[in-house]
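Student: Please take a close look at one part of this model. I would like the strand pairing first, then whatever else can be said.

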Amino acid sequence: MAAGAAVPVISAGEDLPADQTSASSEPPSLFDGTTRLYVAYHCPYAQRVWIARNCKGLQGKIKIVALDLVDRPAWYKDKVYPENKVPALELNKQVKGESLNLLKYIDDNFDGPELLPHDSAKKMFAEELLAYSDSFNASAFFSCLRSMGDVTDEAVAAVDKIEAALGKFSDGPFFLGQFSLVDIAYVPFIERLQISYSGIKNYDIVGGRPNLGRFIEEVNKINAYTQTKLDTQVTLDIIKEKFGVP
């Protein structure tokens, strides 16, 4: 998205900045006491942390800085985050990265609703699911979309595992029953799975998976999440371009 272009978020609920690009020669006033979350609007890893920020009600305390990852400004790597990735959180004259680490950090260190339950069984299951999330993303999303033809058996098995996990607790439609940090970790990828499997593979991920269908229906009632969603066609076009799909 070019600097100054309209932000492609459906219903942000706040004024969001346009992308910073290589033409943006000056960075923000870095390390001035402002807490900043560096994101790319189309990045699922950044979306995780953005959702957590919204869930905690931190819109007034954590400022969004958006980057164009195709044409990112040089100052980001040079002055902010040498890894040159998003998300990154600037606070207290430090910069922290890695989306799962940032989810836990924001939950532990900022005021707002707690994003993990105190129940020991649920906490244990949460850790299992968070540890599995990268494998799920690789099997169900990245590997599948790089393959030709139909949805792979590996991807189907990964989505079936999510269906089973969503049925473990009966006190709500989410992974731990009630909405939690685990749902925040998975929903950006489940969102993209549904869009890409339908638009590229002609496959309905909720077919025969009632738990997943209910999860998707209910998570789309949570403003903290829907305020981070892009237009469906925009998301599909980005995925097609990334994976070289005509």
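Which residue in β4 does L91 stand opposite?

Tutor: L91 stands opposite Q94. This is a predicted model: local features need pLDDT of at least 70, side-chain atom pairs need 80 or more, and totals for chains, interfaces and linings use all residues. Numbering starts from 1 along each chain as its sequence is written, and side-chain values use heavy atoms, without hydrogens or water.

Strands β3 (residues 88-91) and β4 (residues 94-97) run antiparallel, joined by 4 bridges. Strands here are DSSP runs of E, at least two residues; helices are runs of H or I, at least four; both are numbered from the N terminus. Two strands pair if DSSP finds at least two bridges between them. β3 and β4 make a hairpin with 2 residues between them. In that turn, N92 has a positive phi of about 50 degrees.

Now the helices. α1 (residues 44-55) packs with α3 (residues 99-109) at about 5 degrees, axes 9 Å apart. The two are therefore roughly parallel (angles under 35 degrees). In α1, Y45, R48, V49 and A52 meet S99, L100, L102, L103 and I106 of α3 (heavy atoms within 4.5 Å). These residues divide into 7 nonpolar, 1 polar and 1 charged.

Last, the cysteines. The whole structure has 0 disulfides (cysteine sulfur pairs within 2.5 Å). The sulfur of C43 lies 17 Å from the closest cysteine sulfur, in C55, too far for a bond. C144 is in no disulfide either; its nearest cysteine sulfur, that of C43, is 20 Å away. C43 is buried at 9% relative accessible area (buried means under 20%, 1.4 Å probe, protein chains only). C144 is buried at 0%.

Key. Buried < 20%, exposed > 50% of the residue type's maximum accessible area, 1.4 Å probe, protein only. Axes fitted to C-alpha atoms, helices over the stretch in contact; angles between N-to-C directions. Parallel < 35°, antiparallel > 145°, perpendicular 65-115°, else oblique. Nonpolar A, V, L, I, M, F, W, Y, C, P; charged D, E, K, R; others polar.
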